[in-house]
Amino acid sequence: MTGRIERIELRHVNVPLTEPFWPSWIPGYPQTHVAQTFARFVTSDGLVGETAGPAFTTERRGLGDLLGGFLLGLPADDMDGFRKRLREGSYLGWRNWWLEAAMWDLAGKMAGKPVYKLLQQHEQTVSRVRVYASSGSLRPLAERRPYLDDIRGKGIGAVKIRVKYDTLAEDLAIVRGVRAAVGDDFTIGVDANQGWPVSLFRRNPDWDLERATAFGRGCDDLNVAWLEEPLDMHDWHGMAELRRRVRTTIAGGELHGGWHELQPLFEHDSLGKYQPDAMFCGLTVSKRVMDECRRRGLVFSPHTWSNGFNMFVNLHAFAAWEQGGLLEYPYEPPGFVPAAREGIMPPLLTNPDGTIDVPQEPGLGVRIDERLLRRYGKRFHVSTPARVALHTIREKGLKAALQLKKAKQIA
């Protein structure tokens, strides 16, 4: 008999960076920590599933009060039921698809297989995947050259650079400079970060179709492999038109929260390369995107920028993609490096041939360092049936609590 979820633990985790990192997607914002909400599900038969969602700070302080009532008692193998509960919780404004990864962790452990094998079309062992170095900041060419030398020294043969300057000329100049520095055989991708513009700290230079077209044609001339998020994430028609105007592959889809948001991109032929992030849409939706890419002859390569769980979960999604290619590997030293990115687990380092290892242990294969979890994490909520029952009695009274319990048993 399959165990049921009987305990949920939540922690705020805040891993400091050795130096501030300036993400191009939030102009003017110095990131000093890798913040995340860590969740641990324990089943009645002793299995443990874990995940951690990207965070700004402690904004999920009240999440535990919601999760206990929604998720406790669910069978550990009821993925559909779990997603249904998360969807019901989202009606109140919570988008917590990152929690689904813990259920896949449990599913792999119950099956005795790594998660990627549960996602594959035809089960086979994948030991390594190739990566591209994904920069995260706007840097002048003089500062970018040492970075390029660094990644080439690690055996990595591809890079993604950021463009978000005020003028088209500046954006094209950095791409032209990088191409000259790495030569014609090196793969270059470009991320314009126009999918979800943020102007909280500094004005975001917003692109329209004409600017995206002019930049895209410049990318054609420079043999850029893909142009990522050149327009708003919901501008299906604009991206479809851009694809007709330029040869460079148009990529996106990283922050969409469900199939209903991704489906129009396929229907309008908006993208040539799909980059769903399983921490924002769930591995279930990532697999659906993968299947659709396979059917339509498109490229699948997940977004991975965030924390260690984000890296591992999307690594499993990519390892299930039999057509290979390149997986994003976030790397922007000196601040954003693997030790900080993974934070509470051993860093996922590249091999000399520019690959990373795919975990082969049952589940996600993430090994939490409990010492680091205690150092950087603070537990703020524990849900068990007894705790939820006591909370309900205090809040609603014994009679109402008993009625709710009876109603839930019937449901």
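A helix is a DSSP run of H or I that covers at least four residues, and helices are numbered from the N terminus. The views below show a predicted model.

**Figure 1**
Arg83 is found in helix α2, which spans residues 79-90. Is Arg83 buried or exposed? Arg83 counts as buried because its relative accessibility is 15%, and the cut-off for a buried residue is under 20%. Neighbours within four places in sequence are left aside in this view; beyond them, Arg83 is in contact with Trp97, Glu100, Cys281, Gly282, Thr284 and Val285. Two of these contacts, Thr284 and Val285, fall within the residue range of α11 (283-296).

**Figure 1. The largest cavity and its lining.**
The structure holds 3 cavities of 30 Å³ or more, and the largest cavity contains about 80 Å³ of space. Its lining is formed by Leu66, Leu67, Phe70, Leu71, Arg85, Leu86, Gly89, Ser90, Trp94 and Asn96. Two elements, α1 (63-71) and α2 (79-90), each give two or more residues to this lining. By class, the lining of the largest cavity consists of 6 nonpolar, 3 polar and 1 charged residues.

**Figure 2. The second largest cavity and its lining.**
About 40 Å³ of space lies in the second largest cavity. Which residues line the second largest cavity? They are Gly195, Glu229, Leu231, Met233, Met239, Gly252, Gly253, His256, Leu265 and Leu271. This lining divides into 5 nonpolar, 4 polar and 1 charged residues. Leu265, one of the lining residues, is also listed among the buried residues of α9.

Helix α9 covers residues 259-267. The buried residues of α9 are Trp259, Glu261, Leu262, Pro264, Leu265 and Phe266. These buried residues pack against α8 (236-245), β9 and α11 (283-296). Just after α9, Asp269 takes a positive phi of about 55 degrees, although Asp269 is a residue other than glycine. Asp269 lies in the loop that runs between α9 and β9 (273-274). With a relative accessible area of 46%, Asp269 is partly exposed.

**Figure 3. Asn223, a loop residue with a positive phi.**
Asn223 is not a glycine, yet its phi is positive, at about 55 degrees. Where does Asn223 lie? Asn223 is placed in the loop between α7 (209-221) and β7 (226-228). Asn223 counts as exposed because its relative accessibility is 51%, and the cut-off for an exposed residue is over 50%.

**Figure 4. Helix α12 within the structure.**
Helix α12 runs through residues 308-319 and has 12 residues. From its first C-alpha to its last, α12 reaches 16 Å, close to the 16 Å expected at 1.5 Å a residue. Why is α12 described as largely enclosed by the rest of the structure? The reason is that 12 of the 12 residues of α12 are buried. Among them are Phe309, Phe312, Leu315 and Phe318, together with Asn310, Asn314 and His316. An α-helix has 3.6 residues a turn, so residues three or four places apart point the same way.

**Figure 5. Val366 and its surroundings.**
Val366 is found in the loop between β12 (355-357) and α14 (370-376). Val366 is buried, with a relative accessible area of 14%. Not counting residues up to four places away in sequence, Val366 touches Phe309, Phe312 and Met345. Phe309 and Phe312 are themselves buried residues of α12. Val366 and Gly49 are 317 residues apart along the chain, and their C-alpha atoms are separated by 9.9 Å.

A disulfide is a covalent bond between the sulfur atoms of two cysteines. How many disulfides does the structure hold? The structure holds 0 disulfides. Cys293 illustrates why a bond is absent: the closest cysteine sulfur, in Cys281, lies 12 Å from the sulfur of Cys293, too far for a bond. The cut-off for a disulfide is a pair of cysteine sulfur atoms within 2.5 Å. Cys293 is buried, with a relative accessible area of 0%. Cys219 also counts as buried, at 1% relative accessibility.

**Figure 6. The cis peptide bond at Pro334.**
Pro333 and Pro334 are joined by a cis peptide bond, with omega at about 10 degrees. Pro334 lies in the loop between β11 (327-330) and α13 (338-342).

Key. Residues are numbered from 1 along each chain as its sequence is written. This is a predicted model: local features need pLDDT of at least 70, side-chain atom pairs count only at pLDDT 80 or more; totals for chains, interfaces and linings use all residues. Side-chain values use heavy atoms; hydrogens and water are left out. On a 1 Å grid over the protein atoms alone, a cavity is a set of points where a 1.4 Å probe fits but cannot get out, and a pocket is an open set with protein on both sides within 12 Å along at least five of seven lines; lining residues have an atom within 4 Å of a point. Grid points are joined across faces, edges and corners, and a volume is the space filled by probe spheres set on the points. Ala, Val, Leu, Ile, Met, Phe, Trp, Tyr, Cys and Pro count as nonpolar, Asp, Glu, Lys and Arg as charged, and the others, Gly among them, as polar. Buried means under 20% relative accessible area, exposed over 50%, partly exposed in between (1.4 Å probe, protein chains only). Contact means heavy atoms within 4.5 Å. The expected span of a helix is 1.5 Å times one less than its number of residues.
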